[in-house]
Amino acid sequence: MARRIQEYRSEAISVTFDPNRCIHAARCVQGLPGVFDVGERRWVRPENATADEIAEVIHRCPSGALQYERLDGGPAEAPDETPSIFPSRNGPYYVRGAVELLYNDEILPVINRAALCRCGQSENKPFCDNTHRRIGFEAE
Ligand code: SF4
Ligand code: FES
């Protein structure tokens, strides 16, 4: 069953987190540990950094699980000018850019970042749900 999308706000920025899309790449907790702290019940605390700092770290979230909306008039995320797809070792395809996904006759918008299942076993296709780790998927 899909888990609900979470929202965390400061006066300057609204951060949303889709747990169904997170692949635990940890770019967020490494990038801003004062904001993203999985040891806390309220694990995203946008009041602990500037909106620019938070946006910059969210741009590095490879799965698109983290998104934001600026409430301070700052710029929205600009998709990469050149779309790209990158196969990660033993893991998903990382897609970036303003691309659309056609899946089961449905067009899914990709907001610049997504991790797509490459092992074929995800229960959240077309997105990766980390099943590749459990099954020991191997691919260069
Ligand atoms: S996939 Fe995104 S939200 Fe999940 S741990 Fe990595 S950076 Fe954080
Ligand atoms: S590649 Fe991650 S679940 Fe398939």
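1. Let's start with the sheet made of S1, S2 and S3: it is open, has 3 strands in the order S1-S2-S3, and pairs in the antiparallel sense. Two strands count as paired if DSSP finds at least two bridges between them, and strands themselves are DSSP runs (E, at least two residues), numbered from the N terminus, as are helices (H or I, at least four). S1 (6-9) and S3 (66-70) each have a single partner strand, so they sit at the edges with one side lacking a neighbour in the sheet. On average, neighbouring strands here are turned by 20° against each other, direction ignored. Axes behind such angles are lines fitted to C-alpha atoms, for helices over the stretch in contact, and the angles run from 0 to 180 degrees between N-to-C directions.

2. Before going on, a word on what you're looking at. This is a predicted model, in which local features need pLDDT of at least 70 and side-chain atom pairs count only at pLDDT 80 or more, while totals for chains, interfaces and linings use all residues. Residues are numbered from 1 along each chain as its sequence is written, with chains lettered from A and ligands numbered from 1 in the order in which they are written.

3. Back to the sheet. S2 (residues 13-17) pairs with S3 over 5 bridges, antiparallel, and Val 15 has Tyr 68 in S3 as its bridge partner. Helix H2 (residues 51-58) packs on this sheet, touching S2 and S3, with its direction at about 150° to that of S3. Contact here means C-beta atoms, placed from the backbone, within 7 Å.

4. The other open sheet has 3 strands as well, in the order S4-S5-S8, again antiparallel. Its edges are S4 and S8 (112-116); each has a single partner strand, so one side of each is left without a neighbour in the sheet. The twist averages 15° from one strand to the next. S5 and S8 are joined by 5 bridges, and Gly 97 finds its bridge partner in Asn 112 of S8.

5. Have a look at the hairpin too. S6 (residues 100-103) and S7 (residues 106-109) run antiparallel, joined by 4 bridges, with Leu 101 opposite Leu 108. There are 2 residues between the strands, and Asn 104 in the turn has a positive phi of about 50°.

6. Asn 90 belongs to the loop between S4 (84-87) and S5 (93-97). It has 14 C-beta neighbours inside 10 Å, so it counts as partly exposed (20 or more would be buried, 12 or fewer exposed). Beyond its neighbours within four places in sequence, Asn 90 contacts His 132, Phe 137, Glu 138 and Ala 139. Tyr 8 is 82 residues away from Asn 90 in sequence and 32 Å away in space, C-alpha to C-alpha.

7. On the overall layout, the domain assignment (automatic or from a database) gives domain 1 (6-70) and domain 2 (84-135). Their centres, taken over C-alpha atoms, are 20 Å apart. The contact takes 9 residues from domain 1 and 11 residues from domain 2.

8. Finally, ligand 1. The residues around it include Cys 22, His 24, Arg 27, Cys 28 and Cys 61, where "around" means a C-beta atom, placed from the backbone, within 6 Å. By class, the shell has 9 nonpolar, 2 polar and 1 charged residues. For the classes, Ala, Val, Leu, Ile, Met, Phe, Trp, Tyr, Cys and Pro count as nonpolar, Asp, Glu, Lys and Arg as charged, and the others, Gly among them, as polar.

Methods:
Two residues are in contact if their C-beta atoms, placed from the backbone, lie within 7 Å.
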